[in-house]
Amino acid sequence: MLTAERDADPTMRAVVDWRALPAAQQPEWPDEGHLQRVTKELAELPPLVFAAESRDLTGALARVAEGRAFLLQAGDCAESFTSFSAESVRRRLQVILQMAVVLTYSSGVPTVKIGRIAGQFAKPRSSGFETVDGVTLPSFRGHIVNDDAFTETARRPDPQRLLQAYHQSASTLNLLRSLTRGGFSDLNQVHSWTQDFVTATPQGQQYRALADEIGRALRFMTACGVDTASLPTLHRTDFFTSHEALLLPYEEALTRADPMSGDLYATSAHMIWIGERTRQLEGAHVAYFASVANPIGCKVGPTATADEVLELCERLNPDRIPGRLTLISRMGAAGIEDGLRPLLAAVRDAEHPVVWACDPMHGHTFTSDSGHKTRRVDDILDEIAGFFRAHEAEGTWAGGVHVELTSDDVTECLGGSHEILDSDLDARYETVCDPRLNGRQSLDLAFRVAEALRARSAA
Ligand code: PEP
Ligand code: CO
């Protein structure tokens, strides 16, 4: 393409930038022509989110970066094509709203709520192939690429799935938008957000006591003459979507120039993040992310050096816009204090206005004796505690948590106050990828984070 033609079209500029670089973790599509036909179709479909919404999220995250709010980013490891229903979307929203209420009530600062939802389909893999009983097939890369069943047909990457992911994201977003606009998300509904299996547990009762206090506070405000019925902030909530933007052809097809600002936006979600396996400084993902104006995240694992992280900050947020960049550490409980502190210090000294969030899940995955991929709740809680200690030591703001969960009564992570044992995992192990906290363990985690937030505000 001629340079002048390319420069006149901002979408093409971004495309050419990343296409020239190596893109890690892309599936081997058997038919390149089929992929191109699908991405052309996607490029003509409406955006899923709008630039103004993403800018609102940058604003909300700027308050986190400044130490005036807390981030809760949570949801599935991988969304599924097969277990998709209105009920499952409602339940996933419900547990996040419930956790956010616990965090806001305890910390006294707003909680920014972002779901790993409405687009969280693609998965990076540590190996491109999987061998079972001597048979080797391509790895499962999320329902946007192939199916999890272990057969040759199921594992063949199919570009048609990109369209299905787009349409499922659109209907999920449609539902989320209506559920958060009123009724369901009304603060008067806090009691109804508890799943039946959680109600009778200690966490359920602790939540009930908190919900009672909120109810009393609302009645008190009404009695004092505050017209609570007409305050929109009590009856609706801001909820944003996010996913790991792994499949660059999909993201590119949904990248649009915002008519207001002229800037390019990924319209597949409000926020997108770069995974630990695709954050190479000279790789295609970093180049693509640098070209869009959304709020973005980048995972930072145990091998990250301070120089690397500073370079990521420079490339991904050269204008130092507060809220633009969230660094999501995933070090593992054992390594977090020593691993994170030099990074916090370097970013602080370079005056990069990032949000620091803690992913306490991905540093702890192992295969148990029963053969299940699992995590221990205690390790997860330990990493969060280490995250707060590291920030306290460096005088920086522990800005949020990034967790994999579901509100359902699954048995995927070990431990918790209602102990799940290795022998229990088989009962309701339903994830299509990594093990998630169940509804009770999620609420448990929220109360633990709330304690840390309270301790911080008391200090
Ligand atoms: C994930 O968030 O599901 C994930 C794969 O994380 P990471 O890139 O940190 O391994
Ligand atoms: Co995961």
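1. **A word on the model.** Please keep in mind that this is a predicted model, with local features considered at a pLDDT of at least 70.

2. **Val 403.** Do have a look at this residue, which is also part of strand β14. Val 403 has a relative accessible area of 0%, so it counts as buried. Leaving aside residues up to four places away in sequence, Val 403 touches Gln 73, Ala 74, Gly 75, Arg 116, Pro 360, Met 361 and Leu 445. Its C-alpha atom is 8.3 Å from that of Cys 358, a residue 45 places away along the chain.

3. **Cysteines.** How many disulfides does the whole structure contain? The search finds zero. Cys 413 is accordingly in no disulfide, and the nearest cysteine sulfur to it, that of Cys 77, is 11 Å away. With a relative accessible area of 0%, Cys 413 is buried.

4. **Leu 414.** This residue lies in the loop between β14 and α16 (439-458). Is Leu 414 buried or exposed? Its relative accessibility is 11%, and the limit for buried is under 20%, so Leu 414 counts as buried. Beyond the residues up to four places away in sequence, Leu 414 touches Phe 366, Thr 374, Arg 375, Arg 376, Val 377, Ile 420, Leu 421, Asp 422 and Leu 425. Phe 70, by contrast, is 344 residues from Leu 414 in sequence and 27 Å from it in space, C-alpha to C-alpha.

5. **Two positive phi angles.** Ala 118 is not a glycine, yet its phi is positive at about 60 degrees. Ala 118 is in the loop between β2 (111-116) and β3 (129-132), and its 1% relative accessibility makes it buried. Glu 351 also has a positive phi of about 60 degrees without being a glycine. Glu 351 lies in the loop between α14 (336-349) and β11 (355-358), and at 64% relative accessibility it counts as exposed.

6. **Helices α5 and α9.** Helix α9 (residues 202-223) packs with α5 at an angle of about 65 degrees, and their axes are 11 Å apart. That angle makes α5 roughly perpendicular to α9. The contact is made by Gln 98, Val 101, Val 102 and Tyr 105 on the α5 side, and by Tyr 207, Leu 210, Glu 213 and Ile 214 on the α9 side. The crossing of α5 past α9 is left-handed.

7. **Helices α12 and α13.** Helix α12 (residues 284-291) and helix α13 (residues 306-316) have axes that come within 9 Å and cross at roughly 40 degrees. The two are therefore oblique to each other. From α12, Val 286, Phe 289 and Ala 290 meet Leu 312, Arg 315 and Leu 316 of α13. Helix α12 is mostly covered, with six of its eight residues buried: Ala 284, His 285, Val 286, Ala 287, Tyr 288 and Phe 289.

8. **Helices α3 and α7.** What angle do helix α3 (residues 32-44) and helix α7 (residues 160-181) make? Their axes cross at roughly 25 degrees and come within 8 Å. Angles under 35 degrees count as roughly parallel, and α3 and α7 are therefore roughly parallel to each other. In this pair, His 34, Leu 35, Val 38, Thr 39, Glu 41 and Leu 42 of α3 meet Gln 160, Leu 162, Leu 163 and Tyr 166 of α7.

Notes: Residues numbered from 1 in each chain as written. Chains lettered and ligands numbered in written order. Predicted model: local features only at pLDDT ≥ 70, side-chain atom pairs only at ≥ 80, totals over all residues. Heavy atoms only, no water. Helix = DSSP H or I, 4+ residues; strand = E, 2+ residues; numbered from the N terminus. Buried < 20%, exposed > 50% of the residue type's maximum accessible area, 1.4 Å probe, protein only. Contact = heavy atoms within 4.5 Å. Disulfide = S-S within 2.5 Å. Axes fitted to C-alpha atoms, helices over the stretch in contact; angles between N-to-C directions. Parallel < 35°, antiparallel > 145°, perpendicular 65-115°, else oblique. Left-handed = near helix turned anticlockwise from the far one by under 90°.
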